[in-house]
Amino acid sequence: MGLHEGEIAVGEGLVRGLLAAQCPEWAGLPLARVGAGTENTMYRLGEDLLVRLPRTVEKGLALRKEQEWLPRLAPALSCPVPEPVHAGTPTGAYPARWSVYRWIEGAEAGPDSVRDWAAFGADLASVVRELHGIDLMGAVRAGDLSWYRGGGLRECDGWVGEYFDECRAVAGAELDVDTLERLWRAALALPGPRGPHVWLHGDLKPTNLLVREGRLHAVIDFGSLSVGHPDAEHSVLWDLPAAARHAYRDALGLDDETWARARGWAIAVGVSGVAYYWRTFPAFVAECLARLRAILADATGRG
């Protein structure tokens, strides 16, 4: 079962056909599926390359942003980020954009890879500070650089409210959805974000943070790259242990209002993820539930 309406079926034969037609110099290299997220399926190509194929035509538009902006952002960042080496074009068999990147070695951030969570949180804060400090180079919050997470919470209240009801229906027995909704409403009541727009990664969850020798090494998947206010950038901290979360907040000096709005974003994304993917992507639902439980633990003084 696919995750989205209009999802394109992807298999090794399709990928090899795309390579043979558009970059035959790589068509004979070993090919192995290495993962699939909510938006892309990934194949490792040989030792040094990665093929990323969006699940739908619409999600393929995000790759254009990476191809345009990552080469311009990378020099200002102290950690590796994806390096596009081929911009794949749509075909009759695969009607979406796709990309080939340099392979970045590393393990996803987790208890088996991170040596010191407080140091990891501080390292992540340093990368976020660098990214948010890069000149916009003429980019504005418009078109494919205007993703919703760079805006205000109030703009999302309508659809988030519907997802609270759906989340309560499917997970209410194991999750205190009422408290989560109260925290969301409290965030909505705060003044909106102030300050200039900045570059945003948009989805700094652990699966997009690669670790080597116990420390943060690289940040991947800039498909949600946008320009906007940074509150939602901090929301993924509830996907990490409390030590990382607190070190990150301290390193960036985030005030209470910013932190509460970031928590509101974390709730919105978590609740919508549980409701939308409940029957189709159990692993992602588990990630969302863990995030929401961490928020509840923080709110009750247990986190």
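Tyr 277 and Phe 281 are both buried, where buried means under 20% relative accessible area, exposed over 50% and partly exposed in between, with a 1.4 Å probe and protein chains only. This is a predicted model, in which local features need pLDDT of at least 70, side-chain atom pairs count only at pLDDT 80 or more, and totals for chains, interfaces and linings use all residues. Residues are numbered from 1 along each chain as its sequence is written, and side-chain values use heavy atoms, with hydrogens and water left out.

**Overall form**

The protein chain contains eight helices and 10 strands; helices (H or I, at least four residues) and strands (E, at least two) are DSSP runs numbered from the N terminus. Its radius of gyration is 19 Å, which agrees with the value near 19 Å for a compact globule of 303 residues. That radius is taken over C-alpha atoms, and the globule rule is 2.2 Å times the number of residues to the power 0.38. Along the principal axes, the C-alpha atoms fill a box of roughly 55 × 40 × 40 Å. Of the 303 residues in the protein chain, 51% are buried.

**Aromatic pairs**

The structure holds 12 aromatic pairs. Rings of Phe, Tyr and Trp (its six-membered ring) pair if their centres lie within 6.5 Å; planes under 30 degrees apart count as stacked, over 60 as edge-to-face and the rest as tilted. Two of the pairs are set out below.

| Pair | Centre to centre | Angle between planes | Class |
|---|---|---|---|
| Trp 117 and Phe 120 | 5.4 Å | 75 degrees | edge-to-face |
| Tyr 277 and Phe 281 | 6.2 Å | 85 degrees | edge-to-face |

Trp 117 and Phe 120 are separated by about one helical turn, because they stand three residues apart in helix H3 (residues 117-133). Trp 117 is buried with a relative accessible area of 18%, and Phe 120 is buried with a relative accessible area of 1%. Elsewhere, ring pairs join Trp 147, Tyr 148, Trp 159, Tyr 163 and Trp 265 into a cluster.

**Helix H6 and its cover**

In helix H6 (residues 242-252), the buried residues are Ala 244, Arg 245, Ala 247 and Tyr 248. Their cover includes H3, helix H7 (256-277) and helix H8 (282-299), judged by contact, meaning heavy atoms within 4.5 Å. Just after H6, Gly 253 adopts a positive phi of about 65 degrees.
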